[in-house]
Amino acid sequence: MQKIEEIAKGVLTGDKKSIARAITMAENTPEEAQSLIAAVYPHTGKAHVIGLTGPGGSGKSTLIEKMVREYRQRGKTVGVIAVDPTSPFTGGAFLGDRIRMQELTTDNGVFIRSMATRNNPGGIAKATRDAVKILDASGKDVIIVETVGAGQSEVEIIKVAQTVIVIHAPGLGDEIQAIKAGLMEIADIFVVNKADRENADKAVVDIQAMLQLDNKEKAWTPPIIKTIALTSEGVPQLIEKIEEHWQFLQRGLLHKRSLEKAEAELVEAIKDKVTSSIIEKLKREKCFEEILRRIVEREIDPVSAAEKLLNQMFE
Ligand SMILES: Nc1nc2c(ncn2[C@@H]2O[C@H](COP(=O)(O)OP(=O)(O)O)[C@@H](O)[C@H]2O)c(=O)[nH]1
Ligand SMILES: [Mg+2]
């Protein structure tokens with residue numbers, strides 16, 4: 001117990017080792033991490049959480065490195081969480097070029113971490129949410145979450161963000177389709193990276209065309225920003241747009257979104273608790289083993305058996 005208190009205290013002072021240990025705990029032993037999260041939770045809610053998602057190879061990690069530098073120049077502290085199932089967990093290593101990152105990793109105003117996506121007992125979306133809370137409590141002004149692709153779990157992960165950036169780059173095949181399918185509605189800002197490549201303008205036109213298909217009345221129209229992450233071109237403009245979106249949210253939507261997020265997290269937590277407590281209770285019942293035997297003997301199918309058990313329990 002003492003240990004968790006110490007880690008929590010360290011997190012609140014922004015101590016890198018404590019932050020790292022706290023995130024590891026959230027990944028590996030989410031139940032143990034719960035008391036830590038509870039302890040730091042009152043100190044969260046200040047950071048601007050930015051999600052960056054798009055196909056692998058579009059330049060997310062390169063762009064984030066440049067965004068971090070830009071934020072540092074503006075005097076802001078930054079946390080980065082990379083959720084990338086395609087690259088193995090390397091204990092905090094992030095971005096291909098580690099030497100380039102050395103400078104940032106020794107900066108106390110920056111914390112960069114990649115998340116383990118395998119063997120994650122509580123689920124990657126939950127672990128990412130916890131990591132964001134830990135970084136938020138540590139006092140980071142901005143937290144950037146990088147995820148790959150447009151699958152359901154990526155959308156789940158990116159829901160942690162207040163500002164969602166969907167990135168694309170020319171030369172990645174027909175990935176615009178993927179953006180269209182999964183991420184169109186949740187994008188607040190589009191980035192076309194690798195603007196040094198010849199098809200960049202076509203990518204911009206494609207996204208514009210998609211945006212025009214959606215003729216719902218919107219208070220915020222997602223801008224499309226061209227960047228060259230390699231040279232930082234467009235990065236200051238991107239940061240400006242992110243700030244603009246943050247201001248926009250603070251004029252009203254932020255509170256509504258916070259309530260929605262709170263509800264989603266509360267409902268998920270209730271589901272978890274209810275499910276495990278009911279299952280534990282049922283397992284202690286005598287009829288549990290009997291019904292297992294009947295399923296094996298093909299006297300009853302598992303779903304009907306579940307209904308039967310639950311009916312007995314609640315009658
Ligand atoms: N030409 C060009 N290459 C880029 C640019 N940004 C990133 N890259 C390269 O694209 C590759 C993938 O970048 P990375 O940041 O790892 O992409 P991620 O998978 O989306 O995180 C790397 O070889 C980068 O050097 C850019 O603006 N222009
Ligand atoms: Mg990456």
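For the classes used here, Ala, Val, Leu, Ile, Met, Phe, Trp, Tyr, Cys and Pro count as nonpolar, Asp, Glu, Lys and Arg as charged, and the others, Gly among them, as polar. In this predicted model, the shell around ligand 1 divides on that basis into three nonpolar, eight polar and four charged residues. The ligand is surrounded by 15 residues, of which G59, K60, S61, T62 and A229 are the closest.

The protein comprises 315 residues, 36% of them counted as buried, and contains 12 helices and seven strands. Of the contacts between residues at least 6 apart in sequence, 74% join residues at least 24 apart.

The seven strands form an open sheet with parallel pairing in the order 3-2-4-1-5-6-7, in which strand 3 (110-114) and strand 7 (224-226) are the edge strands, each pairing on one side only. From one strand to the next, the twist averages 20 degrees. Strand 1 (residues 48-54) pairs with strand 4 (residues 142-148) in the parallel sense over seven bridges, and T147 in strand 4 is the bridge partner of T53.

Helix 6 packs on this sheet, where it touches strand 1, strand 2 (78-83), strand 3 and strand 4, and its direction makes about 170 degrees with that of strand 2. Helix 10 (residues 235-284) lies across strand 1, strand 5 (163-168), strand 6 (189-192) and strand 7, running at about 170 degrees to strand 6.

Helix 6 (residues 124-137) also packs with helix 3 (residues 30-40), at an angle of about 35 degrees and with the axes 10 Å apart, in a left-handed crossing. In this contact, P30, A33, I37 and V40 of helix 3 meet K126, A127, D130, K133, I134 and A137 of helix 6, giving seven nonpolar, no polar and three charged residues.

Key
Residues are numbered from 1 along each chain as its sequence is written. Chains are lettered from A and ligands numbered from 1 in the order in which they are written. This is a predicted model: local features need pLDDT of at least 70, side-chain atom pairs count only at pLDDT 80 or more; totals for chains, interfaces and linings use all residues. A residue is near a molecule or strand if its C-beta atom, placed from the backbone, lies within 6 Å of it. Axes are lines fitted to C-alpha atoms, for helices over the stretch in contact, and angles run from 0 to 180 degrees between N-to-C directions. Helices (H or I, at least four residues) and strands (E, at least two) are DSSP runs, numbered from the N terminus. A crossing is left-handed if the near helix is turned anticlockwise from the far one by less than a right angle, and right-handed if clockwise. Two residues are in contact if their C-beta atoms, placed from the backbone, lie within 7 Å. A residue is buried if 20 or more other C-beta atoms lie within 10 Å of its own, exposed if 12 or fewer, and partly exposed in between; C-beta atoms are placed from the backbone. Two strands pair if DSSP finds at least two bridges between them.
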